[in-house]
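Hi,

Here is the structure I said I would pass on. Have a look at it first, and then read my notes below.

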Amino acid sequence: MVIASMVVCGALVLHANITFLAAPSRSPVSSNRLTNRQSQAQRPWQSRPLHQSLQTVLQVTPNMDLPDAQRVAPERSMFSGSVPAWGLLMFIGGAALGWAFEAMRTVNHIVRPDGDNETDMLAIMATTSERKAGVAPAKLAPMRTRFAPSPTGSLHVGGARTALYNWLMAKKTGGQFILRIEDTDLARSTRASEESMKSDLRWLGLLWDEGPGTPKETEFPFRQSERGEIYSEMAKKLMDKMGPDGKSIAYPCFSKQEEVDALKTATETTGEFQGTFVSPWRDASPEEVQAKLAAGETYAIRFRVPKGKRVAINDTVRGPVSWDAEATIGDFVLLRSSGVPVYNFCVAVDDALMGITHVIRAEEHLTNTLRQGLILEALGFPMPQYAHCSLILGEDGSKLSKRHGATSVAQFAEEGFVPDAMINYLVGLGWNDGTEKEVYTVEELIEAFSVERVQKSPSVFDMQKLKWINAQHLHAMEDARLAVLMAPFLVKAGLCKSPDSPMVEVAAHMSKQKIELLVDVVPMVQDALAYDINATLASDPSAAKLLEEDFKGLVKALVEAYEAGEFPDATKADFTDKYGAWVKEFGKKIGRKGKQLMQPIRLALSGVMSGPDVGCQLRIVAIAQQEGVPCVSIAERMDALKALVN
């Protein structure tokens, strides 16, 4: 309405302006001819689009097409320019007037009887702002998600990301995260692998609400190898249930594997094989089937794919996906002749019975959705909402594998990555929140994460970025927590006797702004425990230069202060604070400050020209000496300095 009012008022003012400018007295011929022109220009308003009518009006000029002798200059013109320029100004003025009229009309329309117009206007502004910003999404219903690994190896990056996405959505919506062990591959599945995967999930902090080791396990098992009776019961249910064609949804197939392979080979040779096996028992008579059963022959149970059947899903990540079931897969096995259920049958049954509402998994499982969808529909269960995430590639563009370096969660833990950083990095392999933010806490990710923002395109695993993110988390970490994570590395390196050694927290404070990985603390502590000032003076030109700046004079004063008992006791917990205060007083005593004080005292006490805080280093040396860890003690360092002076 605002735009319409603006245009109409602008056009009317412009039209009046043109008429006004064309009105001066002139010869009858010129006046009549101009009137005719105006009439011709005005008629199109009734039939032409508005923008064409305005264009026509703007093109009208007085005296057009008149011979020079008959053209008359306007007598009331205020401008010497052309009418279109004047008319355009009038049009703009009219448009503004139209806007003002419309604004007044709108305000009058919203006036409340109680006269609280200011509140109404604020409400309109707020509504407009909300519309621009987008309406906040409705609260999501609690989701039941699951992570269902096959325990045939370690938990790798791809599996960890899948577990993370499912865990985040369960936490975000107040739902449940279920851990299910898909160990139907009896030849390759091991309990050791299962325990390793569960340990890796715990390390990441992805604890499951239901699954192995939870109270829910007393109600039903979460390992597929322990759910055999359930699968057999469901398979029998499908054999007893009739489909739309009046035949059972599942049927016994007595074909041996050798016969299946031979039939495939024969049809491939004749060109009839279309990639699906057509069982000769699909349409066998009840008498034939009964005879085989009576003879005690073993059989597999196959799912009868209906003729012309299509399965369609609206994948959260990939969008609409559909399959022609008959052309794509044909009748497929539910239970092998050995009684062992097939993977897709187990998955469909388990998702249904465990009430899984959302399945977030790798795109390589997309084709499995066809079989699982058919099974769920046949059993009368709703399909969960699927989201198939893209692959993770190595930096060379190939699928991430061991040849790209560490790929398992356990390896990353051993190399010194921390759980929060791994979660932070993994979530970004295919997802972002639309901002430039890269470093998140777990709590922030629970709030921000949404499957709808997971991208279709593959992600590239970038080790350098992972290290950078890890460093950011280490730098922001509290000393106490960092010490807990760092302790195993120091104990393993033989630098402290136990994880609760006071050395650990000192090392954490000393190193956290300088490391990318937890393991980086090891060489820093090793350097702090070592000492060879003579080697440094001989090999480092900057250290040798200090000798020319009365380095020995400072050293002599330092040794005298130590022997006089003025040097703080490094075995005390408050040493680092007292050391800092002592250095300032020592500098005043010898008349040095700044670089002229700090650089030579660093060299004297640590034996090198650069490194972490000297007070922390000396505290670590004192603790190591107390614990019997090999080191060059402070007393031994003072002896070396005395020898240097003498």
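A word on contacts before anything else: two residues touch when they have heavy atoms within 4.5 Å. Keep in mind that this is a predicted model, where local features need pLDDT of at least 70 and side-chain atom pairs count only at pLDDT 80 or more, while totals for chains, interfaces and linings use all residues. Numbering starts from 1 along each chain as its sequence is written, and side-chain values use heavy atoms, with hydrogens and water left out.

With that in hand, take Gln 617, which sits in helix α26 (residues 614-627); helices here are DSSP runs of H or I with at least four residues, strands are runs of E with at least two, and both are numbered from the N terminus. Setting aside residues up to four places away in sequence, Gln 617 touches Met 510, Ala 528, Arg 602, Ser 606, Gly 611 and Pro 612. Its relative accessibility is 5%, so Gln 617 counts as buried (buried means under 20% relative accessible area, exposed over 50%, partly exposed in between, with a 1.4 Å probe and protein chains only). Val 506 is 111 residues away along the chain, yet the two C-alpha atoms are separated by 8.6 Å.

Zooming out, the chain has 27 helices and eleven strands. Of its 646 residues, 43% count as buried. Among contacts between residues at least 6 apart in sequence, 74% join residues at least 24 apart.

Now the cores. A nonpolar core is a set of buried Ala, Val, Leu, Ile, Met, Phe, Trp, Tyr and Cys residues joined through side-chain atoms within 4.5 Å. The largest one has 110 residues, and Phe 461 and Val 525 have the most contacts inside it. Helix α6 (residues 157-173) gives the most to this core, with nine residues. Domain 1 (402-479) and domain 2 (530-645) both contribute to this core, so it lies between them; the domain bounds come from an automatic or database domain assignment. Beyond its neighbours within four places in sequence, Phe 461 is in contact with several residues, including Val 157, Ile 392, Phe 412 and Leu 466. There is also a second, separate core of 36 residues, which includes Ile 301, Phe 303, Ile 313 and Tyr 386.

Phe 303 turns up again in the sheet. Three strands form an open sheet in the order β3-β4-β7, with antiparallel pairing (strands pair if DSSP finds at least two bridges between them). β3 (250-253) and β7 (332-335) are at the edges with a single partner strand each, so one side of each has no neighbour in the sheet. Four bridges join β3 to β4 (residues 300-303), and Ala 250 has Phe 303 as its bridge partner in β4.

Last, the rings: the structure holds 17 aromatic pairs. Rings of Phe, Tyr and Trp (its six-membered ring) pair if their centres lie within 6.5 Å; planes under 30 degrees apart count as stacked, over 60 as edge-to-face and the rest as tilted. Phe 303 and Phe 332 have ring centres 5.0 Å apart and planes at 15 degrees, so this pair is stacked. Since Phe 303 is in β4 and Phe 332 in β7, the pair ties together parts that are 29 residues apart in sequence. Both Phe 303 and Phe 332 are buried. Trp 582 and Phe 586 are also stacked, at 4.9 Å centre to centre and 15 degrees between the planes.

Cheers
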